[in-house]
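Please look over the sequence and the structure before reading on.

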Amino acid sequence: MKDKLIVVGRYTQKFNIFTGQALPMFDIVQSVPGLEKHVIKRHPECMEYIDHIPEIIQKPDYIGKNPKEENSVELVKVYRHNIQIAVKLDERNGRFFVASLYEITEKKLKNRLYSGRLKEVKY
């Protein structure tokens, strides 16, 4: 059975401003049940946050870019845990996709802020 893709948000110019990229404004999709299977297998403690993906995209607390991943963005939202989603560009199909969802420690968050990899979003 092929996974279904659901739109969970849109890549916005704000992400480009924070990451210094010039990526297109495409929809962001999530694979169902593909992403859930990935999270259950690799990050089971984060399953409670899977339904929060649209909120994380809409109103992240931190925006950044993994230096090893071209055409991507990292979005972090602070709940009881620091939850990060990795969003990557699927240029061939004209969309972005949520590649993963996982927790990052407070120490990792602070280190990424200090290094400039993540930047705080002020609302």
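Q: What radius of gyration does the protein have, and what value would a compact globule with 123 residues have?
A: The model is a predicted one. Its C-alpha trace spans about 45 × 35 × 25 Å along the principal axes. For 123 residues, a compact globule would have a radius of gyration near 14 Å, and the protein agrees with this, at 14 Å.

Q: How many helices and strands does the secondary structure of the protein come to?
A: Read from the N terminus, the elements follow the order β-α-β-α-α-β-β-β-β-α-β. The secondary structure therefore comes to 4 helices and 7 strands.

Q: In what order do the strands stand in the open sheet?
A: The sheet is open, has 7 strands and shows mixed pairing. From one strand to the next the twist averages 30°. The order is β1-β2-β6-β5-β4-β3-β7.

Q: Which residue in β2 is the bridge partner of R10?
A: Strands β1 and β2 (residues 27–32) run antiparallel and are joined by 6 bridges. In β2, the partner of R10 is D27.

Q: Is β4 largely enclosed by the rest of the structure or largely open, and how many of its 7 residues are buried?
A: On one side, β4 is joined to β3 by 3 bridges in an antiparallel arrangement, with Y62 opposite V76. β4 also pairs with β5 in the antiparallel sense over 7 bridges, and V73 stands opposite V87 of β5. A residue counts as buried under 20% relative accessible area. β4 is largely enclosed by the rest of the structure, since its buried residues number 6 of the 7.

Q: How many residues lie between β4 and β5 in their hairpin?
A: The two strands are antiparallel partners. They form a hairpin, and the number of residues between them is 3.

Q: Which residues does I57 touch, leaving aside residues up to four places away in sequence?
A: I57 is among the residues of the largest nonpolar core that touch the most other members. Leaving aside residues up to four places away in sequence, I57 touches V8, G9, R10, F15, I28, L75 and I85.

Q: Is L23 buried or exposed, and what is its relative accessible area?
A: L23 lies in the loop between α1 and β2. Setting aside residues up to four places away in sequence, L23 touches Y11, N16, N71, S72, L89 and F96. L23 and S72 are 49 residues apart along the chain, yet their C-alpha atoms are separated by 8.8 Å. Because its value is under 20%, L23 counts as buried, with a relative accessible area of 9%.

Q: Which two residues does a cis peptide bond join?
A: Most peptide bonds are trans. The exception in question has an omega of about 5°. One of its residues, P33, is found in the loop between β2 and α2, and counts as partly exposed at 22% relative accessibility. The cis bond joins V32 and P33.

Q: What is the phi of N71?
A: Most residues other than glycine have a negative phi. N71 is placed in the loop between β3 and β4 and is partly exposed, with a relative accessible area of 28%. N71 has a positive phi, near 55°.

Terms used:
Residues numbered from 1 in each chain as written. Predicted model: local features only at pLDDT ≥ 70, side-chain atom pairs only at ≥ 80, totals over all residues. Heavy atoms only, no water. Pairing = 2+ DSSP bridges. Axes fitted to C-alpha atoms, helices over the stretch in contact; angles between N-to-C directions. Buried < 20%, exposed > 50% of the residue type's maximum accessible area, 1.4 Å probe, protein only. Contact = heavy atoms within 4.5 Å. Rg over C-alpha atoms; globule rule 2.2 N^0.38 Å. Core = buried A, V, L, I, M, F, W, Y, C linked by side-chain atoms within 4.5 Å.
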